[in-house]
Structure formats: C-alpha cells, structure tokens
Amino acid sequence: MEGALAGLRVLDFTWVLAGPSSTRFLADHGAQIIKVEQRGTGDRVRQAVLADAKPGVNRGGYFNCINRGKLSITLNMGDPRAQGLVRRLVPLCDIVVDNFRPGIMERWGLDYENLRRLRPDIIALSLSGMGRTGPYAGYGSFGPNLQALSGITYLTGFPWRDPVGFGYSYSDYTGGWAGALAMLQALHYRRRTGQGQFVDLSQLEALLPMLGVGLMDLTVNGRQATRAGNRLPGQPAAPHGAYRCRGDDQWCVIAVFTPAEWEAFCRALGNPPWAVDPKFASVTARVQHQDELDRLVEEWTGQRTPDQVMEHLQSHGVAAAAVREAPDLIDRDPQLREFGFWVEADHPELGRRLYEGMPFKLSETPGAVRRGSPLLGEHNDLVFGELLGLSPEEIAGLKKAEVI
Amino acid sequence: MPDYSRTDTLLGPYRVLDLTSELGLMCGKMLGDLGADVIKLERPGGDPARNRGPFYKDQVHPEKSLFWFAHNVNKRGLTLNIRCADGQELLKRLVTTADFLIESYAPGFLESLGLDYEDLSQINPRLVMVSITPFGRTGPKARHKMSELTMWASGGEMYLTGDPDRAPLWISLPQAGLQGSLEALAGAMVAHWHRENTGEGQHVDVSIQEAVIWQLMGTPIGLWACHGENQQRRGTMQVQPKATYPGAGQCKDGFFTGGILGGGASLHTVRTQQGLVSWMDAEGRATPELKGYDWRRFDGRSVTQEEADRLAKPILDFYKTKTVRQIHEEGVVQRRMTTAAFYTAKDVLADPQLQARDYWVKLEHPELGESLTYPGAYAKMSETPLKFRRRAPLIGEHNDELYRGELGLSASELALLKGRRVI
C-alpha cells in the first residue's frame with residue numbers, strides 16, 4: 001500500500017524540528033518530500049545527539065527520527081544557479097514549505113507571488129515562530145521562547161516554587177502538527193476548486209488553543225490561571241498526583257474523582273484505618289487535607305514498584321499509571337508492543353533502526369515508515385537527473401562549481 | 001452527496017457527527033473551524049463535559065462551563081440516547097448523510113450496541129469514522145481506567161517535566177485529550193483525502209498514549225534508542241556533559257528564559273549573548289570576561305562547571321534588575337535577543353503581536369448578554385480563512401431544526417421521544 005498521499009510532492013525548505021515534523025507526517029502517508037538543505041552543513045539537527053556517539057552529518061538521532069522517508073538534495077542557495085534549479089523544481093511540486101524568517105524566500109525570488117508565477121495552483125506554507133505580519137514577525141524563536149510567551153511555562157510547576165516549564169518542546173509538536181494539517185487542508189481545497197493558497201502559520205498561535213480554558217478563565221472571570229503542581233484546578237479530585245514508588249526515581253500517578261472511586265481506592269489499599277477518618281470522608285474534605293492524604297498514599301506506594309501500583313489499582317477500577325521513561329516505552333510497555341507502535345526501517349549509514357509508528361491506525365491506508373532519514377544530498381542525482389532531466393555532465397559541473 | 005457548491009470554507013460541504021467526550025471534543029471543534037457542519041450529540045440532559053469547570057462567573061451550571069464553551073465552538077447540538085433502540089435508529093439515519101463520525105467511547109461499547117465501524121460503514125460506505133481512546137482499541141491496557149494525568153504519565157511526557165528531586169509534573173491544564181484530538185483530526189484528513197480519491201471510507205483508531213509519545217518529538221528514538229541517553233527531568237537547568245547551568249531564571253517581577261548560555265553556537269545564540277553583554281555593558285554590569293568572550297566558540301558540551309558558573313552569575317544578577325516588560329522591550333524588541341519572559345495569561349492577552357494579527361475572536365452569547373473572547377485560528381489561510389461562526393450549542397438547541405427540519409419528524413413524535421428520554 002502506497003499511502004493515501006502517494007503522488008503528491010513537497011519542496012521542503014524547513015529545518016530543526018517543527019517544520020520537518022510537519023512534512024514527516026506527509027511522508028509517512030506516501031507523499032514525496034524533497035528536503036532542500038544548505039550545501040556542506042545541511043539541517044543543523046543533523047549534528048545533534050549522534051547515533052552511537054560517532055561524528056558525522058548522517059548520524060543525528062533527532063534528525064533521523066524526524067526526517068525519515070524523505071529525500072535530501074543540497075543547494076548553495078546564495079548562488080543564483082541554485083535558485084534557478086529551485087525555480088525549475090517548483091512547477092513539479094504541489095507544496096512549497098519553509099520556516100525561515102520573512103525576507104529569505106523573497107531574497108531568493110521564492111515568495112508566494114513568484115511561486116505562483118511558476119505554478120499557478122501552488123500551495124505555499126510559511127511556518128514561522130510568530131507569523132509573517134505584526135511587529136514581531138521575523139523574531140528568532142525556539143520552543144522555550146514560544147512556550148514562555150504562550151503562558152505554558154508559567155503554568156508548569158508547584159505553586160510555591162518557581163515555574164519549571166515544559167520538559168521538552170511542545171510548540172514544535174503543535175506547530176508541526178498544525179503545519180501538516182494546513183497543508184492537507186489546502187490540498188483538499190485545491191482539489192475542489194483548482195486554487196492554491198498561501199498559509200501564514202504562527203507556531204505561537206497554533207499553541208494557544210491548547211490553553212483555551214485557562215485563557216477564557218481570564219477573559220471571562222478575570223482569574224489568572226497559575227501552576228498547580230499535579231492538582232486539578234476547576235475540578236475536585238483527591239488523591240490526584242504522582243506518588244513515589246519503590247526504586248530510584250520511580251513514580252505512579254493516581255487520580256480519584258467520585259465517591260465510588262474513593263471506595264475502590266480504599267478497598268485496594270486494604271481499607272487502612274485512616275481511610276475512615278472524617279478528614280477524608282468527602283472529596284471536598286480530601287482536597288482540603290490533600291497534603292496529609294498524599295503522605296499516607298505515598299507510604300503505600302513507596303513499598304511497591306510503579307507497575308505493581310498501577311496493576312493493583314487498575315484491578316480495583318482506579319485510574320493509575322506508571323510514569324514511563326523512554327526505555328520503558330520502548331522495551332517494556334506491553335500496550336505499545338501489542339499495538340505494534342515501534343517499527344523498524346533501514347538507514348543507508350546507520351543500518352536497521354527503530355522508529356515510532358503513527359499515533360493512529362487507518363484501516364484502509366495505514367501509511368508506513370519506508371526508510372530512515374536521507375544522507376546529506378543523497379538524492380541529488382535522482383532529483384536533478386531523473387526529475388529535472390539534467391545530464392550527468394551537468395550535474396558533475398554543478399557539483400564542481402559548489403552549487404549542489 | 002456533499003453540496004460542493006459551498007466552497008467558501010475548506011470543509012463547507014461536509015458533515016460531522018461528534019459523539020466524543022472530553023477526549024475528543026477538540027477534534028470536532030477544529031473541523032467546525034474549517035467550515036464543516038459539526039453536530040454534537042449529547043445524552044438527554046446534557047453532556048458530562050458540561051460539568052467541568054471553570055464556569056462563567058463561577059456559576060456552576062451545565063450551560064455555563066468554560067471548558068464546554070472552549071471545545072464546542074462551531075458545532076450544532078442534538079440530544080440523543082444511543083443506548084436505546086429508538087436512539088440507535090435515529091443515529092443510523094443521521095449517519096446516512098454524515099461524512100465523518102468521531103467518538104471516544106470505551107473500546108467495545110459501540111460494538112455492543114451494533115454501532116461499530118463495521119455496522120455504520122454498511123449504511124454509509126463513504127463514512128470516515130474516528131475512534132479516540134486512551135490506549136487504542138486493543139491490547140492489555142485498552143480497558144484501563146484513565147484520567148488526564150494517567151495518559152500524560154503513560155506517554156512519557158510527565159517523566160521529563162519538573163525538578164530532578166521532586167515529583168514529575170503535568171502542566172496545570174488538561175492536554176492529553178487535546179493531543180488525541182489533534183492526531184484524530186490529522187488521521188481524519190488523510191482518510192478524507194483517500195475517500196475523495198476513491199469513494200472509500202475507513203476507520204481511524206487513535207491512541208492518546210501514542211499521541212503523547214509523538215509530542216516527545218523523537219526523545220525515545222532519537223535520544224535514547226540512537227544516542228543512548230535517557231533524558232531526565234532537569235527543571236529549567238541545561239544539563240551538559242561537563243556542566244549544569246541555568247536556562248532560565250528570575251527577573252525583577254517574574255521569570256525569563258533565553259538560554260543564558262545557549263546550547264551551541266547558533267546564530268540566534270550568538271546574537272542573543274552579544275546583545276545581552278552590550279546591554280549589561282551599557283549599564284556598567286558586564287564583567288571583563290563577558291565583554292571579551294567569543295560566543296561563536298561557546299560549546300555547551302565542553303564548557304566546564306567553573307566557567308559556566310563564572311559566566312552565569314553576572315547574567316543572572318543582571319536579569320534580576322529587569323522587569324518582564326524591560327526584557328521584552330529592550331532585550332527582544334530593541335536588541336533582537338532570543339529571550340522571553342514567562343508570560344502569564346494576562347501578558348498573553350496584552351501581547352501586541354497577537355493583537356496586530358487579530359488573533360482573538362469574540363463570540364456572542366445572547367443568553368449571557370455578552371460576547372466572550374476565544375483564542376483564534378491556528379493558521380492564516382489566504383483563500384479559506386478559519387471562521388468562528390457560532391458559540392457552543394445549548395442542550396438540545398438544534399433538536400427541532402434537525403429532527404423536524406431534516407429527518408422530518410413531527411412535533412408530536414418529537415414530544416414522545418423527549419418524554420421517553422430518547423432525545
């Protein structure tokens with residue numbers, strides 16, 4: 001099965017995380033992604049977290065993960081001849097996507113107006129940190145900045161301590177996701193109407209709907225959401241948190257809402273004497289005495305592993321889950337294994353490697369991880385030769401002139 | 001067949017039946033933003049998600065939940081009890097004209113009612129049906145009891161968030177159901193593409209646990225499986241092979257981030273550090289070492305603890321004298337530093353960039369006698385702008401319009417169904 005998006009071609013100028021993750025999604029479902037990389041260095045994530053700690057532009061762990069299934073060509077975009085090659089590629093592509101600051105694509109003559117002259121129904125996506133217009137258009141942005149500006153960072157942590165922020169990069173995830181969706185949606189519209197369009201996507205704006213409830217609490221009630229540790233503002237629940245278990249830095253989360261769940265929880269713990277203390281009789285009372293309750297719960301969890309806590313509580317109908325680390329997810333999570341989540345694919349230099357599968361299963365067009373990430377410039381001959389029709393001599397000449 | 005003449009929005013010609021709980025409400029909302037006719041089906045008396053706070057002016061009432069408002073914009077509302085035979089019959093009639101059906105019931109529930117994908121696709125082979133569950137529909141955890149916290153923990157994100165000496169953390173607003181919704185929408189769009197090409201519908205089975213893993217952006221595979229490093233919680237610290245140093249800190253009236261030392265010699269980092277040092281210098285606070293430092297040569301992987309401490313201390317002290325506003329106006333705007341203060345929700349609302357781009361949307365709530373402000377579109381599309389057409393539906397608000405107007409039920413039939421708690 002080729003994947004639902006087979007036959008579509010994307011010219012992909014994005015780099016680092018958000019942009020490449022948006023085109024990864026299309027690659028998984030069969031679209032051909034031609035990743036344009038700067039000659040010599042390539043996407044700088046190529047040099048981050050190297051596989052087996054050996055140096056090389058083709059060994060980046062994150063890069064391999066996020067650019068799987070794509071083709072790579074190299075171009076020295078400062079050279080007018082490289083820009084000319086891109087102008088010849090554009091008519092063969094359905095989508096052109098970039099995550100540069102405003103001005104770069106214009107400088108190369110690849111802004112939307114120019115792209116449209118090359119292909120009238122082209123879809124162009126600009127995936128920037130803060131959008132193409134407005135006073136801060138073009139400001140440098142990374143996950144940590146955008147998350148800070150969205151309010152997420154301030155919301156994460158214990159109320160009596162400084163905020164700790166998000167563990168990794170949330171805005172890259174939501175931005176990449178929004179970019180993939182915008183491209184798909186523009187394709188749908190083009191099929192119906194024959195018209196392309198320009199999409200101006202601000203990663204900050206794509207992140208904010210995730211915080212809609214907190215923002216509305218402010219716009220409607222004037223209340224400033226604040227960090228709540230692992231507790232649940234706006235809905236009474238107790239116990240509700242992460243509890244230390246046996247072992248080094250081992251944790252299990254537990255969430256108890258209803259009276260029936262509380263009874264089941266007490267039963268699961270063998271009805272300890274403190275369970276009938278009036279301090280814990282109702283959810284309101286438990287929320288009031290949550291610190292004390294948490295200490296008692298932790299006395300029980302501390303003698304067990306996270307999996308023991310989870311399995312035992314789940315068998316009594318209580319929501320509980322071991323806090324998974326990366327090695328757990330890959331090596332020890334039976335659910336993920338049963339679902340066939342981790343898949344293997346070949347990489348030309350790294351050999352057979354693991355990749356994450358897709359977070360949803362499509363019954364008719366499942367998509368696939370076809371191959372690992374491309375070597376830097378691996379597909380120059382394919383793209384410039386077979387696709388553009390350049391002769392081997394011409395390609396050799398461009399290589400010699402350091403254009404590709 | 002869909003009415004293809006409605007081309008002013010992306011999904012104008014298409015209809016969505018939304019049978020989700022809080023695990024999937026956002027998926028239908030976003031389909032509605034794209035112009036689809038989304039019909040939220042609630043049980044008679046109203047959806048349980050209406051009981052989730054916060055509430056409009058703290059009035060605890062099923063028509064005043066802000067959680068409900070935020071996730072049900074652009075939908076129409078029907079009440080329907082699908083647990084009874086008459087309700088199932090009505091649902092099947094609705095399915096004949098639907099293009100998408102999204103649901104987030106426990107695995108096996110719809111099957112037990114004869115409403116699984118197999119059943120519904122026989123009524124409408126073009127149907128794209130999306131199921132959102134915490135762990136997918138099969139496997140040992142498929143029937144685990146879940147909450148936001150358990151999904152967040154199971155997907156590996158929680159372990160990465162927080163301080164190393166304390167409990168792992170979530171962020172203080174529910175997210176896992178939203179992530180499941182995003183993936184559900186992506187799956188639905190791929191299935192829609194295939195359907196429009198071939199006429200064939202299909203089933204999309206979304207696991208929220210896996211959606212949370214995707215949000216780790218390659219940490220399990222890229223960092224652990226390839227590189228052999230199991231990322232730990234580190235609060236706001238940068239943990240490098242030879243040194244640990246702050247990536248954020250306190251300012252006069254809040255907090256800031258900006259990679260005090262960055263993590264490598266990227267252009268942003270160099271410009272930020274040079275801008276910072278010249279700002280410090282202008283106020284006589286730059287140490288000779290900072291002034292002479294070649295930031296292009298800074299490498300987080302080789303910097304020693306002693307050097308990191310020496311560099312960080314005057315920088316941290318300097319930021320303590322600056323307000324959130326100063327960091328933004330002098331640091332970000334004037335000196336083009338890639339730094340940012342930790343915005344509170346209030347700061348986000350006041351942000352001039354979002355205002356200049358007309359980000360915020362006002363929707364009228366006639367029952368409340370006012371308009372409420374919502375976060376806006378996630379992308380600006382030149383031909384098919386996302387539109388916010390209507391506030392979330394009231395309980396059964398469109399029962400007449402759809403059951404009578406479209407399915408052709410009479411007023412007395414409707415009253416009877418209502419009396420029997422079918423609708």
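**Reading strands, sheets and the chain contact**

Author: Start with strand 4 (residues 95-98) of chain A, which is covered on both faces. I95(A) and V97(A) lie on one side, V96(A) and D98(A) on the other, and all are buried. A residue is buried if 20 or more other C-beta atoms lie within 10 Å of its own, exposed if 12 or fewer, and partly exposed in between; C-beta atoms are placed from the backbone. Strands (E, at least two residues) and helices (H or I, at least four) are DSSP runs, numbered from the N terminus.

Reader: What kind of model is this, and how are residues and chains labelled?

Author: This is a predicted model: local features need pLDDT of at least 70, side-chain atom pairs count only at pLDDT 80 or more, and totals for chains, interfaces and linings use all residues. Residues are numbered from 1 along each chain as its sequence is written, while chains are lettered from A and ligands numbered from 1 in the order in which they are written.

Reader: Which residues of strand 4 of chain A lie on one side, and which on the other?

Author: The general idea first. In a regular strand the side chains alternate between the two faces of the sheet. Here I95(A) and V97(A) share one side, and V96(A) and D98(A) take the other.

Reader: Which strands pair with strand 4 of chain A?

Author: Two strands pair if DSSP finds at least two bridges between them. Strand 1 (residues 9-12) of chain A runs parallel to strand 4 of chain A, joined by three bridges. L11(A) stands opposite V96(A) there. Strand 5 (residues 123-128) of chain A also pairs with strand 4 of chain A in the parallel sense, over four bridges. On that side, V96(A) has A124(A) as its bridge partner.

Reader: How many bridges join strand 1 of chain A to strand 2 of chain A?

Author: Four, and the two strands run parallel. R9(A) stands opposite Q32(A). Strand 2 (residues 32-38) of chain A is mostly covered, with six of its seven residues buried. Strand 2 of chain A also pairs in the parallel sense with strand 3 (residues 71-75) of chain A, over five bridges. K35(A) has S72(A) as its bridge partner in strand 3 of chain A.

Reader: How do I read the handedness of a crossover?

Author: Point the strands away from you. A crossover is right-handed if the path from the first strand over the helix to the second then runs clockwise. Strand 1, helix 1 (residues 18-28) and strand 2 of chain A make a right-handed β-α-β unit. The crossover from strand 2 of chain A through helix 2 (residues 61-66) of chain A to strand 3 of chain A is right-handed as well.

Reader: Why is one side of strand 7 and of strand 9 of chain A left without a neighbour in the sheet?

Author: Look at the strand order. An open sheet of three strands in chain A has the order 7-8-9, with antiparallel pairing. Strand 7 (240-244) and strand 9 (319-322) of chain A are at the edges with a single partner strand each, so one side of each has no neighbour in the sheet. Neighbouring strands here are turned by 20° against each other on average, direction ignored. Strand 7 and strand 8 (residues 251-255) of chain A pair over five bridges. A242(A) has V253(A) as its bridge partner in strand 8 of chain A.

Reader: Which helices pack on this sheet?

Author: Contact means that the C-beta atoms of two residues, placed from the backbone, lie within 7 Å. Angles run from 0 to 180 degrees between N-to-C directions; axes are lines fitted to C-alpha atoms, for helices over the stretch in contact. Helix 13 (residues 290-301) of chain A touches strand 7 and strand 8 of chain A, and its direction makes about 45° with that of strand 7 of chain A. Helix 14 (residues 306-315) of chain A touches strand 8 and strand 9 of chain A, at about 160° to the direction of strand 9 of chain A.

Reader: How many residues of chain B are in contact with chain A?

Author: 125 residues of chain B contact 129 residues of chain A. Helix 8 (residues 176-198) of chain B gives the largest share of chain B's side, 14 residues. Strand 12 (residues 360-362) of chain A and strand 6 (residues 202-207) of chain B run antiparallel, joined by three bridges. F360(A) stands opposite V206(B).
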